[in-house]
Amino acid sequence: MANGLSIRTGGALDFLSLGALVHRLDPGIIPFRKAGACRIHVSGGEFNVAANLSDCFRMHTGIATAMADYPIGELIAERVRAMGVQPFYKHFAHDGVAGPNMATVYSDRGHGVRAPIVFYNRANEAAARLQPGDFDWPEIFGAGVRWFHSGGIFAALSRTTPELLIEAMAAARAAGAVISFDLNFREKLWRVSGGLGQAQAVLRRIMEHVDVLVGNEEDLQKGLGIAGPEVAAASKLDASVFFAMIDRVVKQHPRVQVVATTLREVHSTNRHSWSAVAWIAGQTYVAPTCELDVFDRVGGGDGFSAGLFYGLLTGRKPDEALRLGWAHGALLTTFPGDTTMATLEQVESFATGGSARIQR
């Protein structure tokens, strides 16, 4: 209980996410208007954490999500199986022309002084059709779930997805699961779903159920309407602004026991300074700062969340849990795609001071 959380010890799943599955088209360093080929990565802010916890951290994880029955859906489902994540699908028939579809994210990697560009096609997305009653939560949670997770991307998809999320959180609470939420504030998505006022109204309702919150100061300000402090950060690695907001977050949402985020100073697309901070049960913790040679930055934040959650789930000391998140997020930026290719041994080594010296 050093982390303020009461985490159950048994159950069929260590971790369950609720969110949308997407496929990301990645032309590498070539911008899309000149692209001749793309890699396909399977992703989703909520799925990534479950996939990372399964593949790297050897935990039993699942995802509740929508699945459109057509070849892109089959591709995505194969990748879900490959990452060892147990799916709970609400199936939708595809009409062969207009959908419903599995959403597409387009994201090149940029290079040097040229930043990555991200845009979406979420038209007629199957996940946006999800609504309360689509999943048998008593059966799912009845088998035992230790931790439940979702995020602001899923909440922004439609008017029904937040209602499903709140329904799931109530079931998770009744089953004794810890509940986490990644604010992941995406202004483009919320603009389509009702704007800033709608976003804040929805997210404040969700926050009534949240034990563990992931989000940076911009997420807290825009997503929750938390006023920023009258202090200027010396750099993006300065934790003072984030910690100065915590009292306001906890006063507004007293259930919250953990608030955490990554800190990143972007020198160029491929060179970042990287750290992380957490407020856990009233105490503050700061991870070391390291210099990253970034191959693909997408998914680094979800990598951080997975390592942090693993540390908390396994009873690590708060500072150790934070370093595990920091280490895994750093390693994830060295791989292509949105989900992990790291091993637990690599994460543990880097978290405790390991280096990039060749391993023989």
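1. Ser43 is buried, at 5% relative accessible area. Buried here means under 20% relative accessible area; over 50% is exposed, and partly exposed lies in between (1.4 Å probe, protein chains only). This is a predicted model: local features need pLDDT of at least 70, side-chain atom pairs count only at pLDDT 80 or more, and totals for chains, interfaces and linings use all residues. Residues are numbered from 1 along each chain as its sequence is written, and side-chain values use heavy atoms, with hydrogens and water left out.

2. Ser43 sits in strand 3 (residues 39-43). Strands (E, at least two residues) and helices (H or I, at least four) are DSSP runs, numbered from the N terminus. The Ser43 side chain makes a polar contact of 2.7 Å with the side chain of Asp338. Another polar contact, of 3.3 Å, links the side chains of Ser43 and Asn48. A polar contact is a pair of N or O atoms within 3.5 Å; within protein, one must be able to donate a hydrogen and the other to accept it, and residues adjacent in sequence count only if both atoms are side-chain atoms.

3. What else does Ser43 contact, leaving aside neighbours within four places in sequence? Ala20, Leu21 and Val22 join Asn48 and Asp338 on that list. Contact means heavy atoms within 4.5 Å.

4. Two strands pair if DSSP finds at least two bridges between them.

5. Strand 2 and strand 3 are antiparallel, with five bridges. Asp26 stands opposite Arg39 of strand 3. Strand 2 (residues 22-26) runs parallel to strand 6 (residues 103-107), joined by four bridges. In that pairing, His23 has Thr104 as its bridge partner, and Arg24 has Val105.

6. Strand 2 is mostly covered, with five of its five residues buried. In a regular strand, side chains alternate between the two faces of the sheet. Val22, Arg24 and Asp26 are buried on one side of strand 2, and His23 and Leu25 on the other.

7. Helix 8 (residues 217-224) and helix 9 (residues 240-252) pack at about 35°, with axes 10 Å apart. Axes are lines fitted to C-alpha atoms, for helices over the stretch in contact; angles run from 0 to 180 degrees between N-to-C directions. On the helix 8 side, Glu217, Leu220, Gln221 and Leu224 take part; they meet Val241, Phe242, Met245, Val249 and Gln252 of helix 9. By class, this contact has six nonpolar, two polar and one charged residues. Ala, Val, Leu, Ile, Met, Phe, Trp, Tyr, Cys and Pro count as nonpolar, Asp, Glu, Lys and Arg as charged, and the others, Gly among them, as polar.

8. Leu130 lies in the loop between strand 7 and helix 3 (137-142). Is Leu130 buried or exposed? Leu130 is buried, with a relative accessible area of 0%. Beyond residues up to four places away in sequence, Leu130 touches partners including Phe92, Phe135, Phe154 and Leu164. Leu130 and Ile153 are 23 residues apart in sequence and 14 Å apart in space, C-alpha to C-alpha.
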